[in-house]
Amino acid sequence: MERGDAPLILDARSAVLRKLDARSIPGSIPVDLDDLDRAFEAIPRDREVVVYCACPNEATAARIASQLQKRGIARIRPLAGGIDEWEKANAPPSDRP
């Protein structure tokens, strides 16, 4: 990212959860565990990929990252802490705990 190469960001939350919780990382692409073929085809092989969710221990993000690694996406990883940690890290200083 410091070189200006922004990672591709995948939102691994379910469609229902995305509807109930409108938070998202700007520019993220929704991806469903049940439809990884579509996501796989859209991911450039030379790009860093970050997957996030809202579950404990990044369980869904880790599952998707693992499945996509098996399909040849080498530079992929779950976002530690998911959407909650991203929101905390990007909140204005006055709003941080």
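Ser66 is located in helix H3, which spans residues 59-70; helices (H or I, at least four residues) and strands (E, at least two) are DSSP runs, numbered from the N terminus. The model is predicted, with local features requiring pLDDT of at least 70 and side-chain atom pairs counting only at pLDDT 80 or more, while totals for chains, interfaces and linings use all residues. Residues are numbered from 1 along each chain as its sequence is written, and side-chain values use heavy atoms, leaving out hydrogens and water. Ser66 has a relative accessible area of 30% and is therefore partly exposed, a class between buried (under 20%) and exposed (over 50%; 1.4 Å probe, protein chains only).

An open sheet is formed by four parallel strands in the order E2-E1-E3-E4, where pairing requires at least two DSSP bridges between two strands. Strands E2 (29-30) and E4 (76-78) are at the edges, each with a single partner strand, so one side of each has no neighbour in the sheet. Strand E3 (residues 49-52) is joined to E4 by three bridges, and Val51 stands opposite Pro78 in E4.

Helix H3 lies across E1 (8-11), E3 and E4, and runs at about 165° to E4; axes are lines fitted to C-alpha atoms, for helices over the stretch in contact, with angles from 0 to 180 degrees between N-to-C directions. Beyond neighbours within four places in sequence, the contacts of Val51 include Leu10, Ala61, Ile64 and Ile76, contact meaning heavy atoms within 4.5 Å. Ser66 and Ile76, 10 residues apart in sequence, have C-alpha atoms 8.4 Å apart.
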